[in-house]
Amino acid sequence: MNYAEITGWGSYVPPLLMTNDDMSKIVDTSDEWIYSRSGIKQRHYTHVSTGKMAWLACERALASAGVSAEEIDLIILGSTTPEEICPNTASYIKNELGATKASAFDLNSACTSWFYGVNVASDMIKAGSIKKALVVGSERISLAMDWQKRESCFLFGDGAGAVLLEESQTPAGLLSGHMSCVPDSRECLHLPSWGMSPLHFTDDLFISLNFEGQEIFKSAVKGMSDSIAQVLEKEGLTPNDIDLFIPHQANFRIIQSLAKRLDFPMEKVVVRIDEYANTSAASIPLAMCDALQDGTIKPGMTILTATFGAGLTCGAGVIKWGERVEPIGISDKNIPEFEGTVFDLMADSFVHYGVDAEHLLTKA
Ligand SMILES: CC(C)(COP(=O)(O)OP(=O)(O)OC[C@H]1O[C@@H](n2cnc3c(N)ncnc32)[C@H](O)[C@@H]1OP(=O)(O)O)[C@@H](O)C(=O)NCCC(=O)NCCS
């Protein structure tokens, strides 16, 4: 039987930080309010595109597996913030990597996009139609933050995380995955201008997130719990058999509620929301890369993951880690840093959303 083992991993976290204190200079909020309601302390904002971040995360994933780009059969970019709708951003990543034979597509199920992608690629590998796939979650969601909406603008950050899946005969990788979509819950998380449907040729594009926080909170906990129950049952496991839980990082209180429902100890839960905020499709692979880097993931661990996003899409999976937790190689590729502050970076966005931040800029 074929399995789709995770043999490579890599991430890119943009260096510019927007802390809660920074945010309180442009929005009527405070570090105390944000941290106590969400667990977020800061978020990273990118000066480069979704594709560029994804490319570097993939370079690092390939190096960590000791695999060359020419060997890759498929690249899936999970993202809500691709560079363009046409052509897709996955083909940009393919070209930058030099993954000559790879097919490439974008997958958008919002924050669940990376996890949905891992399901698709794993099933293709298990079925024998491909042997090696890169699945990367990358988001430049900072550009969609409406600074007039203090209830949502603090929640999101940018970044990218990638894994390499390879055909293997040992039971490793995604053993069971469950994907779902909660009925009649499309409107509680909605970017109405993000696509072709509202296009009026005379209007300026104005992107603004519609958001019902408490509705999302409830649906997310229920949707993820249901998916977790499905995958645990399929694998014949109970929460006691799980060594580590890597959930989507949207709100610390959502993660806590989920752990409580499962009667799962928080010490075995990977929490990175304080550092990155919600990076949407990148959140789980980013947390996974950090957990490998700091030695939290150990050989042979049974890992549970669960996620939700606009739609509301949901999912959960049981991942068996293989024997190797150290990278084979380290990529020397990088992205030049931005010259300026996070306020300089976001200057156009502040103007667009009608926020006066002129006094915070170091650049004329
Ligand atoms: C967004 C979220 C943190 C808000 O927490 P909450 O406890 O539901 O807070 P509420 O929306 O009820 O707001 C409570 C009060 O704080 C105020 N408030 C909202 N945003 C604020 C901010 N940034 N700073 C200070 N006060 C704020 C509200 O105006 C409200 O004031 P009122 O009581 O005087 O009316 C929470 O609902 C959440 O995380 N939901 C899920 C979001 C999510 O995961 N989205 C991503 C999906 S992938």
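Colleague: Among contacts between residues at least 6 apart in sequence, what share join residues at least 24 apart?

Modeller: In the protein chain that share is 79%, where two residues are in contact if their C-beta atoms, placed from the backbone, lie within 7 Å. This is a predicted model, in which local features need pLDDT of at least 70 and side-chain atom pairs count only at pLDDT 80 or more, while totals for chains, interfaces and linings use all residues. Residues are numbered from 1 along each chain as its sequence is written.

Colleague: And how much of the chain is buried?

Modeller: Of the 364 residues, 49% count as buried, meaning that 20 or more other C-beta atoms lie within 10 Å of the residue's own, whereas exposed means 12 or fewer and partly exposed is in between, with C-beta atoms placed from the backbone.

Colleague: Switching topic, where does UniProt put the synthase III N-terminal domain?

Modeller: The unreviewed UniProt entry places "domain: Beta-ketoacyl-[acyl-carrier-protein] synthase III N-terminal" at residues 105-179; UniProt positions are given in the numbering used here, feature names are shortened, and annotations may be inferred rather than shown by experiment.

Colleague: What is that span made of?

Modeller: Residues 105-179 are 20% helix and 37% strand, and the end C-alpha atoms lie 19 Å apart; helices (H or I, at least four residues) and strands (E, at least two) are DSSP runs, numbered from the N terminus.

Colleague: Now Leu361, is that buried or partly exposed?

Modeller: Leu361 is partly exposed, because 15 other C-beta atoms lie within 10 Å, and its place is in the segment after helix H11 (347-352).

Colleague: Which residues does Leu361 touch?

Modeller: Leaving out residues up to four places away in sequence, Leu361 touches Phe343, Asp344 and Ala347.
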